[in-house]
Amino acid sequence: MRNLGGGAFGPVPIPLLIFAIVALAMGLLLNKTELGLSLRLLGTNETAARFSGIGVRRALIKTYAISGLLAAIAGLIMIARANSASPD
């Protein structure tokens with residue numbers, strides 16, 4: 001767990017690698033999937049998105065789930081950096 005917050009893969013820190021992977025995944029999600037289009041429409045005008053046939057409630061639930069997952073990843077990195085979850 002300690003390597004997650006302060007380790008390195010060659011000269012590149014592991015948190016930077018995690019950031020790059022998450023940023024790439026989110027970029028693909030938002031630009032290449034139906035969910036990404038739904039989120040863009042939902043962010044622009046919720047009523048228009050609803051009339052366009054987008055499941056607004058389902059898109060919001062997916063958005064909050066993704067946000068929670070990203071917050072959990074950030075929390076794990078912060079715990080690893082602070083060494084606050086060591087069993088010692």
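Where is the place of A74? The place of A74 is in helix α5. Helices here are DSSP runs of H or I with at least four residues, strands are DSSP runs of E with at least two, and both are numbered from the N terminus. The model is predicted, so local features need pLDDT of at least 70 and side-chain atom pairs count only at pLDDT 80 or more, while totals for chains, interfaces and linings use all residues. Residues are numbered from 1 along each chain as its sequence is written, and side-chain values use heavy atoms, with hydrogens and water left out.

The overall fold comes next. The protein chain has five helices and two strands. Along the sequence, these elements follow the pattern α-β-β-α-α-α-α. The radius of gyration of the protein chain is 17 Å, well over the 12 Å that the globule rule gives for 88 residues, so the chain is more spread out than a compact globule. This radius is taken over C-alpha atoms, and the globule rule is 2.2 Å times the number of residues to the power 0.38. The C-alpha trace spans about 55 × 30 × 15 Å along its principal axes. Of the 88 residues in the protein chain, 16% are buried. Buried means under 20% relative accessible area, exposed means over 50%, and partly exposed lies in between (1.4 Å probe, protein chains only). Contacts are counted when heavy atoms lie within 4.5 Å. Among contacts between residues at least 6 apart in sequence, 43% join residues at least 24 apart.

Helix packing was examined pair by pair. Two packed helices are described by the angle between their axes and the distance between the axes. Axes are lines fitted to C-alpha atoms, for helices over the stretch in contact, and angles run from 0 to 180 degrees between N-to-C directions. Angles under 35 degrees count as roughly parallel, over 145 as roughly antiparallel, 65 to 115 as roughly perpendicular and the rest as oblique.

Helix α2 (residues 14–32) and helix α5 (residues 56–82) pack at an angle of about 170°, and their axes are 11 Å apart. This angle makes α2 roughly antiparallel to α5. On the α2 side, P15, I18, V22, M26 and L29 meet I66, L70, I73 and I77 of α5. The residues of this contact divide into nine nonpolar, no polar and no charged. For these classes, Ala, Val, Leu, Ile, Met, Phe, Trp, Tyr, Cys and Pro count as nonpolar, Asp, Glu, Lys and Arg as charged, and the others, Gly among them, as polar. A74 and P15 are 59 residues apart in sequence, yet 9.2 Å apart in space, C-alpha to C-alpha. With 39% relative accessibility, A74 counts as partly exposed.

Helix α2 also packs with helix α3 (residues 34–44), at an angle of about 75° and with the axes 5 Å apart. The two helices are therefore roughly perpendicular. From α2, the contact takes L29, L30, N31 and K32; from α3, it takes E34, L35, G36, L37, L39 and R40. By class, these are five nonpolar, two polar and three charged residues.

The axes of α3 and α5 come within 10 Å and cross at roughly 105°. These helices are therefore roughly perpendicular to each other. L35, L39 and L42 of α3 meet V56, A59, L60, K62, T63 and I66 of α5. Seven of the residues in this contact are nonpolar, one is polar and one is charged.

The largest nonpolar core has five residues: L42, A49, I54, V56 and A59. Such a core is a set of buried Ala, Val, Leu, Ile, Met, Phe, Trp, Tyr and Cys residues joined through side-chain atoms within 4.5 Å. Leaving aside neighbours within four places in sequence, A49 is in contact with L41, L42, I54 and V56.

F9 lies in strand β1 (residues 8–9) and counts as exposed, at 62% relative accessibility. Beyond its neighbours within four places in sequence, F9 is in contact with I14 and L17. F51 is found in helix α4 (residues 46–51). This residue counts as exposed, at 74% relative accessibility. F51 and L24 are 27 residues apart in sequence and 31 Å apart in space, C-alpha to C-alpha.
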